[in-house]
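Here is my note for your next look at the model. The points are numbered so that you can check each one on screen.

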Amino acid sequence: LKRLAEVCAGLRFSKPLIVTDPGIVNVGLLDKLKEVMDTTGLDYMVYSEVVADPPVETIMECLDAAKAHGADGVIGFGGGSSMDAAKLVALLLKSGEKLEDIYGVGLAKGERLPLILIPTTAGTGSEVTAVAIVTTGPNTKAGVVANQLYPDVALLDAELTTGLPPIVTAATGVDAMVHAIEAYTSLIQKNPYSDMLAMKALELLSKNLKPVIEDGKNLEARQNMLFGACLAGQAFANAPVAAVHALAYPLGARYHIP
């Protein structure tokens, strides 16, 4: 995280929007980020109202905040929901497209703003995928899949995950494992590259999930989980997830379960 000033300088933006959620604020993680951001001298703004399984209204509210700030870059800081919201805002603000027009695969045509993603859970792999998920109704979700959603930089810092409670550590860790398993067993676009990523991811995740649940301050295990989740994200970016994640759409939208 201490290298963030260097990363921001490399991307040459001056007014970034930081996208995060109330939980990150409450546990003090945002303070760590702001401490580093203050060393950059950048005119940043924080939007911290992202909720789990973010609805369209949250994306639009975040987009309005970015427009009001005159944001020329976006930093997603948190779990998958915050990172997904950051991806979409970075795209919609620059491209001018409407969210409802880009649900699906490869329908977004415009460019996005500079984008940095910083995960605070070892789970979704969203920091290295071209996917963003939105809750579109009481029981429905939709996904935007577009190459523009890949960030310029994914920044992994295990110290940001040490405060995760065991239940969240477990749920997000299993999510990452399932990404690797589904990518490896997928019949669609399965290839040697995705297999390599999935196998290494599953090795790191399976060896470190129990230790990190038992001792959340185990920094080496936390780093291995974060790296494993990132590799699993890359695996399913190259060979897609399947039935388990198809089930996650209605179950997550209706019951808000991990």
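Is Arg-112 buried or exposed? Arg-112 is buried, at a relative accessible area of 16%. Here buried means under 20% relative accessible area, exposed over 50%, and partly exposed in between (1.4 Å probe, protein chains only).

1. Ground rules. This is a predicted model: local features need pLDDT of at least 70, side-chain atom pairs count only at pLDDT 80 or more, and totals for chains, interfaces and linings use all residues. Residues are numbered from 1 along each chain as its sequence is written, and side-chain values use heavy atoms, with hydrogens and water left out.

2. Salt bridges overall. The whole structure holds 10 salt bridges. The term covers a side-chain nitrogen of Lys or Arg within 4 Å of a carboxyl oxygen of Asp or Glu.

3. The Arg-112 pair. Arg-112 makes a salt bridge with Asp-152, with 2.9 Å between the closest N and O atoms. This pair links distant parts of the chain, 40 residues apart. Arg-112 sits in the loop between strands S4 (104-105) and S5 (115-119), and Asp-152 in the loop between S7 (140-145) and S8 (153-154). Helices (H or I, at least four residues) and strands (E, at least two) are DSSP runs, numbered from the N terminus. Asp-152 is partly exposed, with a relative accessible area of 40%.

4. Lys-87 and Asp-84 form a salt bridge at 3.9 Å, N to O. Both residues are buried. They are 3 residues apart in helix H5 (residues 80-95), so about one helical turn separates them.

5. Glu-214 bridges to Lys-210, and their closest N and O atoms are 3.0 Å apart. Both lie in helix H7 (residues 192-214), 4 residues apart, about one turn of the helix. Glu-214 is exposed at 59% relative accessible area, and Lys-210 is exposed at 58%.

6. Two strands pair if DSSP finds at least two bridges between them. Strand S3 (residues 73-78) and S5 are joined by 5 bridges. Within that pairing, Gly-76 has Leu-117 of S5 as its bridge partner.

7. Contact means heavy atoms within 4.5 Å. Axes are lines fitted to C-alpha atoms, for helices over the stretch in contact, and angles run from 0 to 180 degrees between N-to-C directions.

8. The hairpin. S6 (residues 131-137) pairs with S7 in the antiparallel sense over 6 bridges. The hairpin connects S6 to S7 through 2 residues. Gly-137 has Thr-140 in S7 as its bridge partner.

9. Helix packing. H6 (residues 166-185) and H8 (residues 219-238) pack at about 35°, with axes 8 Å apart. Contact residues include Gly-173 and Ala-176 of H6, and Met-225 and Ala-229 of H8.
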